[in-house]
Amino acid sequence: MNNDRAKRWLEPKTWAEAAYDPQVRAVVFQSLLVIVLLIAATEIVLNTAANLKKQNITSGFEFLSRTAGFDVSQSLIPYSSKSSYAGALLVGLTNTLLVAALGIVIATVLGFAIGIARLSPNWLASKLALSYVELVRNVPLLLQLLVWYVAVLRAFPPPAEALGLPLGAHLDKRGLHLPQLTFEHGGGALLLSILGAIAAAWFLTRLARQDRDGAWKHSSFIAAAWALVGIVPFLALLYAAAYVSVAYPTLGRFNFEGGLSIEPEFLALLIGLSTYTAAFISEIVRAGLLGVPRGQREAAAALGLTRRQALRLVILPQAMRIITPPLTNQYLNLTKNSSLAVAIGYPDLVSVFSGTVLNQTGQAVEVILITMAVYLAISLATALFMNRFNARTAWAER
Amino acid sequence: MSAMEQIPIADASRRFTTRVQAALFPTLAQSLVSLALLSLIGFVVYAFVDWALIRAVFSGSDGSVCRAPSAGACWPFITHKMGVFLYGRYPEAEIWRVNLTYVLALAGLTPLMLPGVPRKLLLSLYMLIVFPALAFILLRGGLLGLPLVGTELWGGLLLTLVIASVGIAASFPIGILLALARRSDLPIVRWAATGYIELVRGVPLVTVLFMASVMLPLFLPPDVTIDKLLRALVGVALFSAAYLAEVIRGGLQAIPRGQYEAADALGLGYWRKMGLVVLPQAIRIVIPGLVNSFISLFKDTSLVLIIGLFDLIGIVEQSVQADAKWFSPQTAATGYFFAGAVFWIFCFAMSRYSASLERKLENRGRS
């Protein structure tokens, strides 16, 4: 075969013959494409170099190690204005990941609840869920973020007239102030006991699941296992009570002091992103639930399962196979949409790096390329993780 | 007739109260849920009516009337600013040109969207070639005795519609080419298209807009300056093309192999095979998906705010934040409500249209 091809390729041909040979055409066409792309790339690089020279900007990534000189309102990692631009990049990245991770959790819970409500036998519940979806889906996310930030959270009274919430929390125009638990000497033991209890419960659940027809398979056994998660740390807490202190936020002269303060920018972004994405997730969940054949629901009913049991044990596990791939897309969308933080001033990756750092250094090409590369990496990592999850849920396909 | 079919499944003549009882209060638990939901609806409706009508301010010439502590929605803010919200800083004497453009667009779009109207091809050509040229001349001017109105004066809803429609029109052909390239037999073409599509879909629109606004001028020869609006349009079109390409690729994959082979058997070349046989069928299948992409694009136009262009949301936000004359606690909520309502009407109408097309396609598939 290969030999034949090579022979045909080497045989002398007239120009007309060559022009109509698909192989010749393929080679010529692709070579042309490569040449055009190369010319365009060279042109862009040369122009950029010329433009940068004209503006006296030196290209390269050394700027990352220079001192940033600006403060960031929220940071998970140690950062000050003396840190480097690379530090600012990390702060932005962790802030993006924080809001995306929390947003994904809330959006999933909310989206599943609304999607299930869409199919509720209760007429009011399904219509209410439908109105929510139609309202939220058809308004730009940017506007929703502005509404949450400017019209809702910033419209709360000043600290002196803060809204008191249960457990000593307060909400005012500067954000949400929560009491903070501080673990002293016994803190480590408490944390260890929580982790240990979770591990034990997880192990027992697995054991119960594997023992398909034995007495272990009882669901109340699993419940008991998870109750361990509650009880063991509670006992540990009693033991360590003397070492755990609660810092309540108290009204100082101008602001709340002590406790844990959550910035309104973060809250607005989190609420906006999760309520917006939840509307899309609910449609995916609804389609997934409807995609499970009717017979499955009827079989579950015939087995005497209640509606709730049927949903949890029969319908949802099968619907997950339909739901997971588009759900992954929504998680990616939420992460990418978190870049709208720049509009309300939450210090995410785009706002800190593509905003402040770009303006200070003028290294537009490098800054934007790094930002895009980081988002690409996050997208690829999420897709990879969700594909593995999808492979696990799709195993029963026959 | 068997006995099975005679069992009444739903009796339409049942009394209203019985139907309500069955729908809302079948069991104690369901009744409690219904009551909770009813009170929630009641509370939301009451709060909205109270804000938008009962406590609302309907007349006034500045924000002072809305500063009363009990004031609700500040409607005079909307009525006084309506011109700015709809047209930006477009000169008042020239606004007829914008309105004429809208009329020309509607004249082409309405028959195109209604099923059953003949000459769709001719209408599409009008919308794709004649109308854009006319719209450009009308809106920008500087030709045929029309005074020039620079794009820096365009704003509000006008800018939203311009970005969305140019974005759609420009990204559509690029999307088709990318989709064809991604399914091409030529490896280099396929890799280039796949790389482009996945790259663009992996990053947020905000970064693409930043790139278009900051890096595009660097890419061009030093003596070329490029209009801010044009930069945004390039960014939006390049971004949207990658998403459209994936939608169209779905359609291409749904066309049975036999269609490709039949076209080959007729001796059609690649472009005629695609243009005459495959694409017309593929695009018809994915029209609902395309409309959905257009809805996202329409909503996404608001992001141009971040690179300093003032579309409807941008201009409302600017008026809310920077106009001291209308400063009041209710200005922001009222302005956002107005912008949200306008966007909602456009997007909801488009999604209804897409859903009706989807139903029509499904029926065609069954018959």
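Student: Which residues of helix 13 of chain A are buried?

Tutor: In this predicted model, helix 13 of chain A spans residues 349-361. A residue counts as buried if 20 or more other C-beta atoms lie within 10 Å of its own. By that criterion the buried residues of the helix are A:Leu349, A:Val350, A:Ser351, A:Val352, A:Phe353, A:Ser354, A:Gly355, A:Val357 and A:Leu358.

Student: Which residue follows helix 13 of chain A, and what is its phi?

Tutor: The residue that follows helix 13 of chain A is A:Gly362. The phi of A:Gly362 is positive, near 75 degrees.

Student: What percentage of the residues of chain A count as buried?

Tutor: Chain A has 14 helices and eight strands. Of its 398 residues, the share that counts as buried is 31%.

Student: How many residues lie between strand 2 and strand 3 of chain A in their hairpin?

Tutor: Strand 2 (residues 170-172) and strand 3 (residues 175-178) of chain A pair in the antiparallel sense over three bridges. Within this pairing, A:His170 has A:His177 of strand 3 as its bridge partner. The two strands form a hairpin, and the number of residues between them is two.

Student: Which residue in strand 8 of chain A stands opposite A:Leu178?

Tutor: Strand 3 of chain A also pairs with strand 8 (residues 260-262), in the antiparallel sense and over three bridges. In strand 8, the residue opposite A:Leu178 is A:Leu260.

Student: How far apart do the C-alpha centres of domain 1 and domain 2 of chain A lie?

Tutor: The domain assignment gives domain 1 of chain A as 2-54 and domain 2 as 85-158 + 264-396. The distance between the C-alpha centres of these domains is 44 Å.

Student: Which element of chain B gives the most to the side that touches chain A?

Tutor: The contact takes 45 residues from chain B and 46 residues from chain A. Elements giving two or more residues to the chain B side include helix 2 (16-24), helix 3 (28-54) and helix 14 (312-322) of chain B. With ten residues, the element of chain B that gives the most is helix 15.

Student: How many residues on the side of chain B that touches chain A are charged?

Tutor: On that side of chain B, 36 residues are nonpolar and seven are polar. The number of charged residues there is two.

Definitions and conventions:
Residues numbered from 1 in each chain as written. Chains lettered and ligands numbered in written order. Predicted model: local features only at pLDDT ≥ 70, side-chain atom pairs only at ≥ 80, totals over all residues. Buried ≥ 20, exposed ≤ 12 C-beta atoms within 10 Å, placed from the backbone. Helix = DSSP H or I, 4+ residues; strand = E, 2+ residues; numbered from the N terminus. Domains from an automatic or database assignment. Contact = placed C-beta atoms within 7 Å. Nonpolar A, V, L, I, M, F, W, Y, C, P; charged D, E, K, R; others polar. Pairing = 2+ DSSP bridges.
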